[in-house]
Amino acid sequence: MKLLTHNMLTSHVKGVTKGYPLLIKATEVKVNEVEFNPKFVCRMIPKLEWSALVQAADQLGHREELPGELVADYEKNEDFLKRVHRVLLEVEVIEGCLQCPESGREFPISRGIPNMLLSEDEA
Amino acid sequence: MSSAPETEMKEADSGVRYYCTAGNGMERFLVEEVKRKLAAEDIHQIPGKVLFSSSAAIHRVCDLKAAERLFLLLKQDSPVRMPTHTSPAKAASLLQSRLLGDSRGRWISAAVTWSRLQGELASSRNAVRASATQRVGENGRGSGKQSDEGEEGRQESRKRAQEFTAAEESVDKRPRGGEQSGRRAEGLQAEDGVREPEAVCGAGSGEEVEQNVESCGKSADGLGKDAGWESVGNVSFRISCKCSGSLSRCVSTQEVSKVMGVGLSRLLGWKADVRNPNLEINVYLSDDYCLLGIPLTRLPLANRSYIKTTGLRSTIAWAMASLAQIQPGFCVVDPMCGVGTILIEAAKEQQAACFLGVDIDDGQLQNADENIAFAKLQSRVHLLKASSMVLPLPSASVDAVVCDLPFGRKFSTRENMAESLPVILSEMERVLRVGGTLVVLLSPQLSCLLKKHLPQTHAGPKRNEAAAESQTGIESGLVSSPEQQITQMQSSSSQETVTVSSLAHQTTLRVSLGAIDGLIHRYVKILD
């Protein structure tokens, strides 16, 4: 699971009102080398919940100087874009789980794919 | 730019004339695609086929996504009309004159063009491989094909180009009139003729040619003859014929093939070879036209080199993605992604968007994972195990939802499609932002059910004027009269309220999926 994906996910356990962002508990993390595509990164940044991204990167111990707030004029800041690229696309949780911040319910991540299926009474 | 003589300008302007076969319902997508990607001209659409001219590079023509197969046009003409009680001899003579005539030039020039295109295709594939192999390390997954295939591919295309160069040279020696354009003779003079194929095929070194777009024709050991020979008699061919309509009652495909075979041998000295020919000549005879062409690729364009496990037919998947009009920066979700075909086609087309595939089945997700890696799209296409009925996504967070809904009555061990459809649709609606697009493919039966929940006729949900007017900025072409919808909505304001949906129907298109048909529906979210 990449952090770009994590940034989009929310807990849908019944009754939960604040299911975002999910906490990450990783047991296996991989860092891959991914071709840097600045145009793609630039396009994704406006869609991100920035604080959730920073928090997630922190939880994985891969924050590495990612600023707490979005810098102005980031389109031209290649250094910044590369950091975002790394955190969004190169860091990958292979095994672990996502935890609903409100209910504590854990969703396993296995072989890089989070399992967000709920049981019948949870949905 | 120097001013070129008239014959050269003419070729540059009109380019090459092609035709593609297309599945039923896909013609409109293909027409739009050739216009947009290839600046195609003289576009002519007939059921199941689109003819067009383009001067775009051949590798870009081979990148067409809505097409089944690609052909170099040999001849397009009015239908062959044969009176019912024509004798076999008369029939043969009629076919001979209508299909072959006695113009060698057309055939030779087509063969030369075909050969040139094969060379260009081979060299562009080698160039792509060369740059791709340099990047293999980054994603950790190379395409891993053997390099001797590439060697064979280049030798093969070099040999082919030489064959036709030799053919061209010998024709040049005869005085020929207008059919052979002077420019070709110029380009392939005796001295240059031998060198030119080298230049065309020389790009790249040791990289493989992708299997399904590899050049057609014989394997390297087929002809085994070098540029030493001079006669045109060493081109081998096979006829592939389809007859439909009233003509098929008068004459069989075998008769047509025989006439063509004998005729071509006599006219050009080419040899018929059913097993392993240089050229395949396709003949389509219907009540409306006769069409002759040479396939440019061994496998259909619809067989994608970048998809490992197929699901939905790639042409349909691509069409659905194109209907969604995915812009840079979009976030696109497929809530029942299966092996990921739609997302992969979409991601290949729009490189600055991200894609999320959701499925409930481990097997499907595993295949999707492999497909995504195989297509080298891991950075932009991601997967999630979840239920389409409870999407773990915030409301109004997605720009487009594209989905091929299972056609069967049961779509998982527990769920029944008809019962679950309303919930699935409401989740799709919920996660879409205002202005977001929904594109779904359903069976005709399920489409009836869809219409009950997401109205498609102008007897639609009650809505106030302001909301209806916010339906602006919707592109034309495939839109079904929004003005009509607005007028109807205004007039129906006095009627009783219906279940309000914020999804406004845009269009429904019927496509063939082989044995069955499917319906693609497009909606836009206009209210939250």
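User: In this predicted model, how are helices H2(B) and H11(B) oriented to each other?

Analyst: H2(B) covers residues 27–38 of chain B, and H11(B) covers residues 314–323 of chain B. Their axes come within 11 Å and cross at roughly 70°. An angle from 65 to 115 degrees counts as roughly perpendicular. H2(B) and H11(B) are therefore roughly perpendicular to each other.

User: Is the crossing of H2(B) and H11(B) left-handed or right-handed?

Analyst: Handedness describes how one helix passes the other. For H2(B) passing H11(B), the crossing is left-handed.

User: Which residues form the contact of H2(B) with H11(B), and how many of them are charged?

Analyst: From H2(B) come Phe29(B), Glu33(B), Arg36(B) and Lys37(B), which meet Trp318(B), Ala319(B), Ser322(B) and Leu323(B) in H11(B). By class, this contact has four nonpolar residues and one polar residue, and the number of charged residues is three.

User: What classes of residue make up the contact of H14(B) with H15(B)?

Analyst: On H14(B), the residues are Met417(B), Ala418(B), Leu421(B), Pro422(B) and Leu425(B). They meet Leu446(B), Leu449(B), Leu450(B) and His453(B) in H15(B). The residues of this contact divide into eight nonpolar, one polar and no charged.

User: What area do chain A and chain B bury between them?

Analyst: The contact involves 26 residues of chain A and 33 residues of chain B. Carbon and sulfur atoms hold 65% of the buried area. The area that chain A and chain B bury between them is about 2500 Å².

User: Which residues of chain A lose the most area to chain B?

Analyst: Three residues stand out on this side, together taking 22% of what chain A buries. They are Met8(A), Ile113(A) and Leu117(A).

User: Which residue forms a salt bridge with Lys47(A)?

Analyst: The structure holds 24 salt bridges over all chains, and the count between chain A and chain B is one. Lys47(A) lies in the loop between helices H2 (38–44) and H3 (50–59) of chain A, and its partner lies in strand E12 (residues 398–404) of chain B. The closest N and O atoms of the pair are 2.4 Å apart, and the partner is Asp399(B).

Key. Residues are numbered from 1 along each chain as its sequence is written. Chains are lettered from A and ligands numbered from 1 in the order in which they are written. This is a predicted model: local features need pLDDT of at least 70, side-chain atom pairs count only at pLDDT 80 or more; totals for chains, interfaces and linings use all residues. Side-chain values use heavy atoms; hydrogens and water are left out. Contact means heavy atoms within 4.5 Å. Helices (H or I, at least four residues) and strands (E, at least two) are DSSP runs, numbered from the N terminus. Ala, Val, Leu, Ile, Met, Phe, Trp, Tyr, Cys and Pro count as nonpolar, Asp, Glu, Lys and Arg as charged, and the others, Gly among them, as polar. Buried area is the accessible area (1.4 Å probe) that two parts lose on being put together, summed over both. A salt bridge is a side-chain nitrogen of Lys or Arg within 4 Å of a carboxyl oxygen of Asp or Glu. Axes are lines fitted to C-alpha atoms, for helices over the stretch in contact, and angles run from 0 to 180 degrees between N-to-C directions. Angles under 35 degrees count as roughly parallel, over 145 as roughly antiparallel, 65 to 115 as roughly perpendicular and the rest as oblique. A crossing is left-handed if the near helix is turned anticlockwise from the far one by less than a right angle, and right-handed if clockwise.
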